[in-house]
Amino acid sequence: MNLEVSKLDDQQKELCAILVMRTMLEDYSKDTGVSYEEAFYRFVKSPAYEDLFDYSTGLWREGPDYLRARFLERS
């Protein structure tokens, strides 16, 4: 399936961002032993969170591993 990003509205982009964020946080929590809730609070305070929900950055299109790298580099 070829997804045309330009045809997605902000609600669809938000859903993608949330799914990527949740997956990243679950993986981060499992790998580090940090609770999901603590990982979430750390993430929402990071610049990566703002970047994720600024749809012009395109970060919402990337996978959880890329998001995690951005989170760790910018926190």
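This is a predicted model: local features need pLDDT of at least 70, side-chain atom pairs count only at pLDDT 80 or more; totals for chains, interfaces and linings use all residues.
The axes of the two helices lie 9 Å apart, and α1 and α2 pack at an angle of about 125°, which makes α1 oblique to α2. The crossing in which α1 passes α2 is right-handed.

Helix α1 also packs against α4, where the two axes come within 9 Å and cross at roughly 70°. An angle in the range from 65 to 115 degrees counts as roughly perpendicular, and α1 and α4 are therefore roughly perpendicular to each other. The crossing of α1 and α4 is right-handed. From α1, the contact is made by Val20, Met21, Thr23, Met24, Asp27, Tyr28, Asp31 and Thr32, and from α4 by Pro64, Leu67, Arg68, Phe71 and Leu72. Eight nonpolar, two polar and three charged residues make up this contact of α1 with α4.

Among the residues that α4 brings to this contact is Arg68, and its surroundings can be followed in some detail. Arg68 lies in helix α4, which spans residues 64-74, and once its neighbours within four places in sequence are left aside, Arg68 is in contact with Met24, Asp27, Tyr28, Asp31 and Thr32. With one of these residues, Asp31, the Arg68 side chain forms a salt bridge, at 2.7 Å from N to O. This pair links distant parts of the chain, since Arg68 sits in helix α4 and Asp31 in helix α1 (residues 10-32), 37 residues apart.

Side chains of opposite charge can pair when their charged atoms come close. The count of salt bridges in the model comes to three, and Arg70 provides another of them, with Asp51 as its partner and the closest N and O atoms 2.8 Å apart. Here too the pair links distant parts of the chain, with Arg70 in helix α4 and Asp51 in helix α3 (residues 47-52), 19 residues apart. Arg70 is buried, at a relative accessible area of 19%, and Asp51, with 14% relative accessibility, likewise counts as buried.

There remains the salt bridge between the side chains of Arg42 and Glu38, at 3.2 Å from N to O. What separates these two residues along helix α2? Arg42 and Glu38 are four residues apart in helix α2 (residues 36-44), so about one helical turn lies between them. Arg42 is partly exposed, with a relative accessible area of 39%, and Glu38 is partly exposed as well, with a value of 35%.

Conventions. Residues are numbered from 1 along each chain as its sequence is written. Side-chain values use heavy atoms; hydrogens and water are left out. Contact means heavy atoms within 4.5 Å. A salt bridge is a side-chain nitrogen of Lys or Arg within 4 Å of a carboxyl oxygen of Asp or Glu. Buried means under 20% relative accessible area, exposed over 50%, partly exposed in between (1.4 Å probe, protein chains only). Axes are lines fitted to C-alpha atoms, for helices over the stretch in contact, and angles run from 0 to 180 degrees between N-to-C directions. Angles under 35 degrees count as roughly parallel, over 145 as roughly antiparallel, 65 to 115 as roughly perpendicular and the rest as oblique. A crossing is left-handed if the near helix is turned anticlockwise from the far one by less than a right angle, and right-handed if clockwise. Ala, Val, Leu, Ile, Met, Phe, Trp, Tyr, Cys and Pro count as nonpolar, Asp, Glu, Lys and Arg as charged, and the others, Gly among them, as polar.
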